[in-house]
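I opened this entry to keep track of what I looked up, beginning with the ligand and going on to the charged side chains.

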Amino acid sequence: MASNSWKSKVISNVLSYLDYKTGKFIIVKSKRVGSLYRVIQLSIIGYLVGYVFLSKKSYQTEESIQSAVMTKLKGVAVTNTSESGRMVWGPVDYVIPPQGEAVFSIVTNFIETPNQKLGNCAESPNVPDGHCKGDEDCAEGELVEAGHGVRTGRCLRDNGKSNGMCEIYSWCPVERSCKPQGRHKHKNMLTEAENFTIYIKNVIRFPKFSFSKANVQDTADKFHLKKCHYDEALEPYCPIFRLGDIVNRTGHSFQDMALMGGSIGILIEWKCDLDRDLSECQPRYNFTRIDINVSRESSGLNFRHARYYKTESGEIYRTQFKVYGIRINIMVHGKAGKFCIIPTVINIGSGLACIGGGAWFCDCIILYLMKNREFYKHWKFETLKKKDSNTRNIIEHHNSTTEDIKQTPEEQQLTDLSPEV
Ligand SMILES: *[C@@H]1O[C@H](CO)[C@@H](O)[C@H](O)[C@H]1NC(C)=O
């Protein structure tokens with residue numbers, strides 16, 4: 001018999017899993033808490049629709065950009081120096097490196113040391129380690145620290161002076177170090193560099209959306225590309241930039257920058273909403289000077305390079321250039337978005353969860369901050385206590401919410417509601 005009653009107990013428990021259980025609501029007639037709840041609800045919905053969906057477009061999946069940049073410069077400058085006479089500078093001469101990369105320097109000013117040959121000469125007076133009082137300071141074979149060559153063992157002194165410079169074996173004569181001349185004496189400067197043009201070709205791709213595009217627009221006018229110059233207002237999609245315009249857009253003077261050199265970043269930004277018309281996917285250009293430092297001394301940009309020649313007898317000599325230039329650094333940023341169901345559902349779900357947070361907040365106010373909180377507590381929480389088994393009927397007829405109490409099947413028989421307070 002005992003096993004029979006045990007069986008029927010199991011069956012009734014299994015069947016009770018098929019009952020549908022639903023929550024019960026307590027309506028609190030407080031207009032203040034009620035309207036607070038509505039305000040919270042509305043602001044969360046507003047945040048969800050306005051910010052998350054419309055502004056941040058979180059119904060889209062995003063992908064970042066793949067891009068390639070090619071550059072080409074045009075323009076010619078003429079300089080007239082005492083060392084080399086009249087010189088013509090084409091893109092081959094002033095673009096370093098010349099391969100058309102996204103990072104390159106344009107020579108705007110230079111100091112040249114022509115006809116350097118390997119031989120013996122005095123070290124430059126600007127090198128501290130090259131100073132000497134006698135031959136013993138110039139041990140043969142030793143290198144001059146931060147200098148230009150290797151010591152020969154002689155100290156070269158002008159007549160009657162106690163200090164001199166060590167003789168070195170090097171490319172002679174060594175560069176006479178001098179600052180670039182001011183703008184009133186700018187015969188070394190490539191002043192025409194202001195009118196040089198940079199053609200920037202930028203092809204981008206979003207492989208996930210199999211979308212690709214270039215910053216060069218197809219127009220009916222084939223010659224448009226040859227004539228146009230970028231202008232933020234008039235020609236925002238023209239890929240040809242005047243160097244002077246680029247420098248001016250960074251807020252610096254071209255003359256100063258051409259004199260001492262500098263570094264400019266060109267940021268090309270692509271923000272593409274592929275749910276819209278694809279012609280709206282257009283690049284935006286941004287120009288900033290990136291070498292400016294706290295101290296004026298350390299700003300600027302220069303480097304040295306040399307051109308090598310051979311005399312008819314086969315002797316090698318070179319011309320060394322210390323060049324000041326504007327380095328252009330083209331960076332491409334961007335992303336594209338397209339509608340996708342998964343982020344949409346996730347964002348709606350998390351928005352609804354936030355509304356649940358609003359209900360929790362209002363509950364806290366009712367239960368802990370309101371004047372008659374004890375009254376609300378009494379109605380919100382009903383405490384269940386274990387009692388005798390013959391009071392089972394009370395549970396079944398009492399409309400209580402028992403969701404916050406976990407009951408094992410045995411306990412179900414033994415519990416009873418006994419409201420406290
Ligand atoms: C740049 O070009 C303009 C017009 O073509 C010309 O007037 C100007 O003198 C040029 N500037 C320099 C520095 O050569």
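My notes on the ligand surroundings and the salt bridges follow.

I am working from a predicted model, in which local features need pLDDT of at least 70 and side-chain atom pairs count only at pLDDT 80 or more, while totals for chains, interfaces and linings use all residues. Residues are numbered from 1 along each chain as its sequence is written, and side-chain values use heavy atoms, with hydrogens and water left out.

**Ligand.** I looked up the residues around the ligand and found Thr-191, Glu-192 and Asn-195, where being near takes a heavy atom within 4 Å. The protein covers 32% of the 360 Å² of accessible area that the ligand has on its own (Shrake-Rupley method, 1.4 Å probe).

**Salt bridges.** I counted 14 salt bridges, each being a side-chain nitrogen of Lys or Arg within 4 Å of a carboxyl oxygen of Asp or Glu.

I noted Lys-335 with Glu-62, whose closest N and O atoms are 3.8 Å apart; this pair links strand β16 (residues 316-339) to strand β1 (residues 60-64), 273 residues apart, strands being DSSP runs of E with at least two residues, numbered from the N terminus.

**Arg-151.** I found that Arg-151 forms a salt bridge with Asp-129 at 3.1 Å and another with Glu-142 at 3.5 Å, N to O. Arg-151 is buried at 5% relative accessible area, whereas Asp-129 at 30% and Glu-142 at 45% are partly exposed (buried is under 20%, exposed over 50%, partly exposed in between, with a 1.4 Å probe and protein chains only).

Terms used: Helices (H or I, at least four residues) and strands (E, at least two) are DSSP runs, numbered from the N terminus.
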